[in-house]
Amino acid sequence: MSFIETEEQKALREAVAKLAAKYNFKDYAGPKARRNEPFDELWNEAGKLGFLGVNLPEEYGGGGAGIYELALVQEELAAQGCGLLLMVVSPAICGTIITKYGTEAQKQQWLTKLADGSAKMVFGITEPDAGSNSHKITTTARRDGDDWILNGRKIFISGVDQADAVLIVGRTENAKTGNLQPALFIVPVDTPGFVKTKQEMDIIEPDNQFTLFLDDVRLPADALVGQEDAAIAQLFAGLNPERIMGAAMAVGMGRYAIDRAVAYAKERAVWKGVPIGAHQGISHPLAQVKIELELAKVMMQKAAFLYDSGDDFGAAEAANMAKYAAAEASIKALDQAIQTHGGSGLTSDVGLAGMLAAARIGRVAPVSREMVLNFVAQHSLGLPRSY
């Protein structure tokens, strides 16, 4: 692993940063988020430029690169305050799973559209009574001739109103043991029996959250992704990219906050014409969050490198650590940026306070920090399982 990015990666970073500047938080992303409107214009342009599918295979219209490059795109967008949440689920989770386990027909139908952003697929795993315990998922899939029948309920599913389909995590019965095991199904949002209900959230965000009800949803045999008896591996194939992308978004938000704070600290003068950035009470906390953010970014890059190299277990450890560290660093960076601005840091003109809730999400999603600590305690330290 090299910490020096290739010329192609540097060029990609520069190109994405240029696009992000056009759709920055103050002029575009902030106002859109306050109106609870998705970033359609940004999404469409990013898709046309090839940024959304940079990790997908070239034969299906993607860039043929990896999660490292997709995370790079997310980081640069978020660094201008316009990170795209659905990048985490559409190309990263769903695109990765279909690339690895989908049939040729599924790849032809979906990857080409996910790559250019002309279609979106979101991910449905979370349930009201399951929480972080995927073994308690109660959405079931049973065979009816050649078809599948799905019944269940999902909660906190992002962007269903923008999506063409949802990759649903259900459970099928093992014919030999009778035990339920995970299985993945592509469910078009217009399928009879599929009902979405918007959840009212008390935060500023462009993307809506939904509760899903699946009532005898009938699907053809080819809705199943991969093998019905191997889905636990298939499921986790999408979760490492999810954590890496979440970390990238958090790192970008932290960069955005630090940049705003530094610019203000250089120009704001209160005592004898000296910029407040010259005072250690301002400069040291900003230097500290810069260090913590850079450490989180290095772990994110390590996770992406390991994942793209095929080291799934090594990537799992690094991805969980990166997600944890980036969430903590981004919240701290935003808080310190607001503190640097004083009272003006709470105004909509400055555009920092409204991002606090978005940064706070990183502590609970896509996996809570407590579950990350459980993972590290058990898998990295070898301590006994606590639950």
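**Close-up views of a predicted model**

**View 1. Helix α4 packs against helix α8.** Helix α4 (residues 67–78) and helix α8 (residues 280–308) pack with their axes 8 Å apart, at an angle of about 150 degrees. The residues that make this contact are Ile-67, Tyr-68, Glu-69 and Glu-75 from α4, and Lys-297, Met-300, Gln-301, Ala-304, Phe-305, Tyr-307 and Asp-308 from α8. Sorted by class, they comprise six nonpolar, one polar and four charged residues. Contact means heavy atoms within 4.5 Å. Axes are lines fitted to C-alpha atoms, for helices over the stretch in contact, and angles run from 0 to 180 degrees between N-to-C directions. Ala, Val, Leu, Ile, Met, Phe, Trp, Tyr, Cys and Pro count as nonpolar; Asp, Glu, Lys and Arg count as charged; the others, Gly among them, count as polar. Helices (H or I, at least four residues) and strands (E, at least two) are DSSP runs, numbered from the N terminus.

The model is predicted: local features need pLDDT of at least 70, side-chain atom pairs count only at pLDDT 80 or more, and totals for chains, interfaces and linings use all residues. Residues are numbered from 1 along each chain as its sequence is written, and side-chain values use heavy atoms, with hydrogens and water left out.

View 2. Helix α9 covers residues 312–341, and its 30 residues should span 44 Å at 1.5 Å a residue; the end C-alpha atoms are 42 Å apart, which agrees. The expected span is 1.5 Å times one less than the number of residues in the helix. Of the 30 residues of α9, 21 are buried, so the helix is largely enclosed by the rest of the structure. Buried means under 20% relative accessible area, exposed over 50%, and partly exposed in between (1.4 Å probe, protein chains only).

**View 3. Leu-224 in strand β8.** Leu-224 is found in β8 (residues 224–225) and is buried, with a relative accessible area of 12%. Apart from neighbours within four places in sequence, Leu-224 is in contact with Gln-106, Trp-148, Ala-183, Leu-184 and Phe-185. Pro-275 is 51 residues from Leu-224 in sequence and 61 Å from it in space, C-alpha to C-alpha.

**View 4. Backbone geometry at Asn-36, Phe-156 and Pro-366****.** Most residues other than glycine have a negative phi, and most peptide bonds are trans. Asn-36, in the loop between α2 (25–34) and α3 (40–48), has a positive phi of about 55 degrees although it is not a glycine. Phe-156 lies in strand β3 (residues 147–158), and its phi, near 55 degrees, is also positive. Asn-36 is partly exposed at 27% relative accessibility, and Phe-156 is partly exposed at 43%. The peptide bond from Ala-365 to Pro-366 is cis, with omega near 0 degrees; Pro-366 is placed in the loop between α10 (356–361) and α11 (369–380).

**View 5. Two buried cysteines****.** Cys-82 is buried, with a relative accessible area of 0%, and Cys-94 is also buried at 0%. A disulfide is a pair of cysteine sulfur atoms within 2.5 Å, and by this rule the count is zero.
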